[in-house]
Amino acid sequence: MTTKLFESVIFGPIQSRRLGFSLGINLLPVNSKLCNFNCVYCECGWTDLHSIEKVVFYKRDEIKLQLEKSLIDLKIKNVKLDSITFAGNGEPTMHPQFYKIIDDVIDLRNYYFPECKISVLSNSLMLGNDKIIDALKKIDNRILKLDAGTEKMFQLINQPLNKRTLNWVVSQLMKFNGDLIIQTIFLRGYHNGNYIDNTTDEEINEWLIQLKKIKPQKVMIYSIDRATPEKKLQEIELNELYKIANRVNLIGIETLVS
Ligand code: SF4
């Protein structure tokens with residue numbers, strides 16, 4: 001198995017376990033990854049630390065045009081679309097016109113598929129920018145990453161490029177006053193000689209403490225199911241994920257295991 005990059009701006013629709021029939025928008029360059037995390041499990045591969053300087057983004061108008069074309073095509077085919085989802089080759093909120101593109105997507109959704117949800121998968125690192133927060137508040141599903149309850153595990157798993165801390169990320173997530181979904185991957189393994197395991201009692205206890213502060217509507221938990229850049233990682237079995245989900249349910253938060 002090799003890591004995979006999206007080759008177009010619009011992709012799918014695909015049947016997603018979490019979002020239903022979902023049309024994807026990749027705001028990042030095709031065939032290369034751009035992110036401010038360097039997660040050991042990222043299905044797009046390792047982050048190129050110099051990519052931010054040389055990246056060329058698709059223009060807002062081009063993205064709007066391509067999305068409208070796809071929506072017209074799906075409408076003609078009488079497809080029932082559940083979600084238009086921002087995902088793709090990295091962190092969508094890093095597109096410099098992200099908050100304007102959100103407005104375009106809302107307009108197109110309202111016109112062609114008013115019942116369809118708009119979802120954004122994000123790692124939260126751009127939430128220091130109020131325009132990004134405001135844009136995310138306009139859509140239906142803000143699905144934000146929280147893979148660790150301790151600083152040590154956060155740095156080992158997500159490897160943020162701009163020295164952000166877990167406390168900073170949690171304080172940004174609290175700005176949504178609970179109107180968000182948290183997404184967490186569970187895994188074990190080694191990276192650069194360091195042992196990674198966010199499933200220990202201590203890690204889960206600390207992660208639950210963070211969840212109590214954030215108060216999300218829902219938590220989505222999962223494990224590795226694609227090729228990862230770090231090969232020494234191990235998938236967590238479903239029965240273990242369900243045990244973790246039970247602990248989240250005990251603090252009154254709905255949990256989806258996939
Ligand atoms: S935040 Fe997402 S895109 Fe960025 S490195 Fe992590 S898994 Fe990959």
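## Strands β8 and β10

In this predicted model, lysine 218 has glutamate 254 of strand β10 as its bridge partner. The pairing to which the two strands belong runs in the parallel sense, with strand β8 covering residues 218-223 and four bridges linking β8 to β10.

## The chain as a whole

The secondary structure of the chain comes to eight helices and ten strands. Its radius of gyration is 18 Å, close to the 18 Å that the globule rule gives for 258 residues, so the chain is as compact as a globular protein of that length. Along the principal axes, the C-alpha trace spans about 50 × 40 × 35 Å.

Of the 258 residues, 41% count as buried. Among the contacts in the chain with a separation of 6 or more, 75% are made by residues 24 or more positions apart.

## The nonpolar core

In soluble globular proteins, nonpolar side chains tend to be buried together. Here the largest nonpolar core has 64 residues, and those with the most contacts inside it are Ile25, Leu27, Ile157, Ile182 and Leu211. Leucine 27, taken as an example from that group, touches Ile63, Phe86, Gly88, Pro92, His95, Phe98 and Ile101, when residues up to four places away in sequence are not counted.

## Around the ligand

The ligand is surrounded by Cys35, Phe37, Asn38, Cys39, Cys42, Cys44, Thr47, Gly90, Glu91 and Asn123. Sorted by class, this shell has five nonpolar, four polar and one charged residues.

## Backbone features

Most residues other than glycine have a negative phi, and most peptide bonds are trans. Against that background, glycine 12 and proline 13 are joined by a cis peptide bond with omega of about 5°, and proline 13 has its place in strand β1, which covers residues 10-16.

Two asparagines have a positive phi, with a value near 60° for asparagine 78 and near 50° for asparagine 192. Asparagine 78 lies in the loop between α2 (60-76) and β3 (83-87), and this residue is exposed, because it has 6 other C-beta atoms within 10 Å, where 12 or fewer is the limit. Asparagine 192 is found in the loop between β6 (181-191) and β7 (194-197), and asparagine 192 likewise counts as exposed, with 10 other C-beta atoms within 10 Å.

## Isoleucine 139

Isoleucine 139 lies in the loop between α4 (130-138) and β5 (141-145). With 17 C-beta neighbours inside 10 Å, isoleucine 139 counts as partly exposed, because that class falls between the exposed limit of 12 or fewer and the buried limit of 20 or more.

Leaving aside residues up to four places away in sequence, isoleucine 139 touches Ile102, Ile118 and Val120. Lysine 232 stands 93 residues apart from isoleucine 139 along the chain, and the C-alpha atoms of the two are separated by 37 Å.

Methods
Residues are numbered from 1 along each chain as its sequence is written. This is a predicted model: local features need pLDDT of at least 70, side-chain atom pairs count only at pLDDT 80 or more; totals for chains, interfaces and linings use all residues. A nonpolar core is a set of buried Ala, Val, Leu, Ile, Met, Phe, Trp, Tyr and Cys residues joined through C-beta atoms within 7 Å. Two residues are in contact if their C-beta atoms, placed from the backbone, lie within 7 Å. Two strands pair if DSSP finds at least two bridges between them. A residue is near a molecule or strand if its C-beta atom, placed from the backbone, lies within 6 Å of it. Ala, Val, Leu, Ile, Met, Phe, Trp, Tyr, Cys and Pro count as nonpolar, Asp, Glu, Lys and Arg as charged, and the others, Gly among them, as polar. The radius of gyration is taken over C-alpha atoms; the globule rule is 2.2 Å times the number of residues to the power 0.38.
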